[in-house]
Structures are given as C-alpha cells and as structure tokens.
Amino acid sequence: TIPPIPNVKITNFVYTGIFHGTKLGGLLDLFSISYTNLEEADVKDLTLTLNTSKTTENYTDPYGRRNIPGYSPYAFLDETINGETYSLESLRAKESKIFDKTYSLGGGFLLVQPFVLTATLKSNHTILDHATIMIPYSG
C-alpha cells in the first residue's frame, strides 16, 4: 500500500529585510517561514528548498559584470541561495514551527536586487506545499 501524504502546510512566509551589524560584518535577516502539521501523526524527513526567479542562465546584467575578470555569481544573493535545501526537524502531530534565515553580507552582497523567492516544503521528496514572496531592492 502507498503511505498517505503528510498534510503539512506553509502557514506564513514573509520577507523580514532587517539589516544589522556584527563584529563579523553585516547580516540580513531575509525571511521567516512558518509551517504546520495538520495531521494526527508525526512527520519526519522534512526539507525546505529555495528557488529564485533569477539564475545565471536567465539574468542579463546591464553593467556587463559577467565579463569582468574575477566575476563571481556569489556576489548576488539571489544566485547564491537558488537551489539551497535545508533539512528541517521532525514535526509532531498538530505542531507548528518557524524557520528564519539570515545571510552574511560580508561575502560580497553589496546590494540585494529584487527577485522572487519560492520555498518548497517536502517530505521524502514529495512536495507538500510551496509559497512565494517578493524580495525587494535593498541597497
């Protein structure tokens, strides 16, 4: 028999956009995502995958930075986080949790250009839910 698909939903996904300094450099609290298990059974092996609207393949740079020797796509936050997957803790029946993500600006993220960010929640490679937000320009 095929096991039932867990009923875990993203209940809140927001851009926080809080910049703050530390001794190690600037940080950006980028987003916060809440997710809830609506089932009577616990759920294990949850993952969260991030995808952005801009990638190296579809982004055209009007300033021609890709032609500069030493150019690195890691200087752009949207290219850096595209495809990142995070393992989440198990979720007990009827439980909710929050996942917040902070990025270091010390690695060359001089500004955050606008992009769409989609979060996909999975259990054992099965998509349970997804949500999308807009990350605005921050300079």
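Trainee: In which sense do strands β6 and β7 pair, and over how many bridges?

Mentor: In this predicted model, β6 covers residues 115-123 and β7 covers residues 126-135. The two pair in the antiparallel sense, over nine bridges.

Trainee: Which residue of β7 is the bridge partner of Val116?

Mentor: Met134 is that partner.

Trainee: How many residues lie between β6 and β7 in the hairpin?

Mentor: Two residues separate the strands. Look at Asn124 in the turn: its phi is positive, about 50°.

Trainee: Now the side chains. How do they point along a strand?

Mentor: In a regular strand they alternate between the two faces of the sheet. Nonpolar side chains in soluble globular proteins also tend to be buried together.

Trainee: How many residues does the largest nonpolar core have here, and which have the most contacts inside it?

Mentor: That core has 27 residues. Phe13, Leu30, Phe31 and Leu117 have the most contacts inside it.

Trainee: Which elements give two or more residues to this core?

Mentor: The strands are β1 (8-22), β2 (25-37), β3 (46-52), β5 (96-104), β6 and β7. Helix α1 (77-81) is also on the list. The largest share, five residues, comes from β2.

Trainee: Take Leu117. With which residues is it in contact, leaving aside neighbours within four places in sequence?

Mentor: Its contacts include Phe13, Leu30 and Phe31, which, like Leu117, are among the residues with the most contacts inside the core. Leu117 also touches Leu50, Asn51, Thr52 and Ile81. Ala131, Thr132, Ile133 and Ile135 complete the set.

Trainee: On to charges. How many salt bridges does the structure hold?

Mentor: Three. Start with Glu40 and Lys94, whose side chains meet at 3.5 Å, N to O.

Trainee: Why does that pair tie together parts that are apart in sequence?

Mentor: Glu40 lies in the loop between β2 and β3, and Lys94 in the loop between β4 (85-87) and β5, so the linked parts are 54 residues apart in sequence. Glu40 counts as exposed, at 65% relative accessibility. Lys94 is partly exposed, at 49%.

Trainee: Is Lys97 buried or exposed?

Mentor: Buried, because its relative accessibility is 16%, and the cut-off is under 20%. Lys97 forms a salt bridge with Glu89 at 2.8 Å, N to O. Glu89 is exposed, at 55%.

Trainee: And which residue meets Glu95 in a salt bridge?

Mentor: Arg92, at 3.7 Å, N to O. Glu95 is buried, with a relative accessible area of 17%. Arg92 counts as exposed, at 55%.

Conventions:
Residues are numbered from 1 along each chain as its sequence is written. This is a predicted model: local features need pLDDT of at least 70, side-chain atom pairs count only at pLDDT 80 or more; totals for chains, interfaces and linings use all residues. Side-chain values use heavy atoms; hydrogens and water are left out. Two strands pair if DSSP finds at least two bridges between them. Helices (H or I, at least four residues) and strands (E, at least two) are DSSP runs, numbered from the N terminus. A nonpolar core is a set of buried Ala, Val, Leu, Ile, Met, Phe, Trp, Tyr and Cys residues joined through side-chain atoms within 4.5 Å. Buried means under 20% relative accessible area, exposed over 50%, partly exposed in between (1.4 Å probe, protein chains only). Contact means heavy atoms within 4.5 Å. A salt bridge is a side-chain nitrogen of Lys or Arg within 4 Å of a carboxyl oxygen of Asp or Glu.
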